[in-house]
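Have the model open as you read.

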Amino acid sequence: VWSTPVNKLAARFALSNAALTKVCERFNIPRPPQGHWARVAWNHTADRPSLPDAPDGVPELIVLDGHASASTRSSGASQDPEPESPRVPVAETLASPHAVTTHLEKEFKRNVLDPHGRAVVGWAHHPQLCIRPTNVKRALLLVDALFKALTQRGHAVEMKAWGLPPSPTLTVTIAERGDVRLRVEEKLTNAPHVPTAEELDNEKTWRSRIRKYDQVPSDNLIFKVEGANWQYVGIKSWSDTKWRRMEDQLGRVILTMEDIARFNHEENVLMETSRRAAEERKRRALRGERIEQWRAWLAKDLEQLAASWETARRVTAFLDAYEHAQSGTSTTSAIPWLGAARNYARRFDPLSSIDRVAKDLDPPDDVLAEFVEEQERRVKH
């Protein structure tokens, strides 16, 4: 990272910039400060810190697996072997189809076509399936085999509402990891455009240009896995080729779904951890401010308690002197007045309810929040 900018180095390892930065932070690898490469471009020398010792339990060789997850592995010196693709047999006829396959078959019968003559299932601008009627049977056999294989691996396939406005979307829930979405479409290819008589007339009259190519369905299907985190750098689509048909690639589609779901889950855990850490930092900072307000209030409260105690003491002393002065001559009306006056003095005296005098120097967050709200209400009123 001190010889090559992170953006170029990340591409070499098939990682995102953020992922490579996380690797450096995780293993205490110093990175160049902001503006370093601009200074290097002007032949300025920069102090490069020495590489510190690795954290406990981290080997000297750190293996990066950018293809699968853009994550780090520190338990060994070599990458784990790529998992073997499960075998997914594709039937010749649609027998005992998956419930979602049955739903898709019914949707295809509505015969909603796009401008290229492909039957559409789902949103017109972003369909779940987009295939010419002549290829619908093959597509249904492929997705049915895929759905059944996913179910056998403990995953769930269903139509879930997604997007705004919500629309039923072909969704695969990977066990304990989360959802990914699947799209299947027939790829378009360029074919020479045959000008119409109207186009030729417009070209001659208005010198309008005639397009050279039309986009037409190619008979090749493509399976796209959507819903991956933006940092995911692995393959997200599989298609028919001259050398390999989709019938032989469904196992790779399953591994791709599982890999994306796993990566999404790991990123979500990291994001949740970061969010909680940020909330904790905010809570601590906010608590520090509130504790200062609380202790300032405690000082004022202490002064008020002392003033009330002094008032109660003076009133009580006066009443004692009054009783002494009235010895043997007290009137009937003076007795109830004297009792009420002594009650008044006791209400003033904080020591009459001694358990309410001392306050908590370090109260919990909910008490502090309630205290601050009360103080703000008093200021407003």
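1. Start with the handedness: α7 passes α9 in a left-handed crossing (the near helix is turned anticlockwise from the far one by less than a right angle; clockwise would be right-handed). Bear in mind that this is a predicted model, where local features need pLDDT of at least 70, side-chain atom pairs count only at pLDDT 80 or more, and totals for chains, interfaces and linings use all residues. Residues are numbered from 1 along each chain as its sequence is written, and side-chain values use heavy atoms, with hydrogens and water left out.

2. Now the geometry. Helix α7 covers residues 250–325 and helix α9 residues 365–380; they pack at about 60 degrees, with axes 10 Å apart. That makes α7 oblique to α9 (under 35 degrees is roughly parallel, over 145 roughly antiparallel, 65 to 115 roughly perpendicular, the rest oblique).

3. Who touches whom? On the α7 side, Arg283, Arg287, Arg290, Ile291, Gln293, Trp294 and Trp297 meet Asp365, Leu368, Ala369, Phe371, Val372 and Gln375 of α9 (contact: heavy atoms within 4.5 Å). By class, that is seven nonpolar, two polar and four charged residues.

4. Look at the rings next. Trp294, Trp297 and Phe371 form one aromatic cluster (ring centres within 6.5 Å make a pair, using the six-membered ring of Trp; planes under 30 degrees apart are stacked, over 60 edge-to-face, the rest tilted).

5. Finally, Trp294 and Phe371 pair edge-to-face, at 5.1 Å centre to centre and 85 degrees between the planes. Trp294 sits in α7 and Phe371 in α9, so the pair ties together parts 77 residues apart in sequence.

How values were computed
Axes are lines fitted to C-alpha atoms, for helices over the stretch in contact, and angles run from 0 to 180 degrees between N-to-C directions. Helices (H or I, at least four residues) and strands (E, at least two) are DSSP runs, numbered from the N terminus. Ala, Val, Leu, Ile, Met, Phe, Trp, Tyr, Cys and Pro count as nonpolar, Asp, Glu, Lys and Arg as charged, and the others, Gly among them, as polar.
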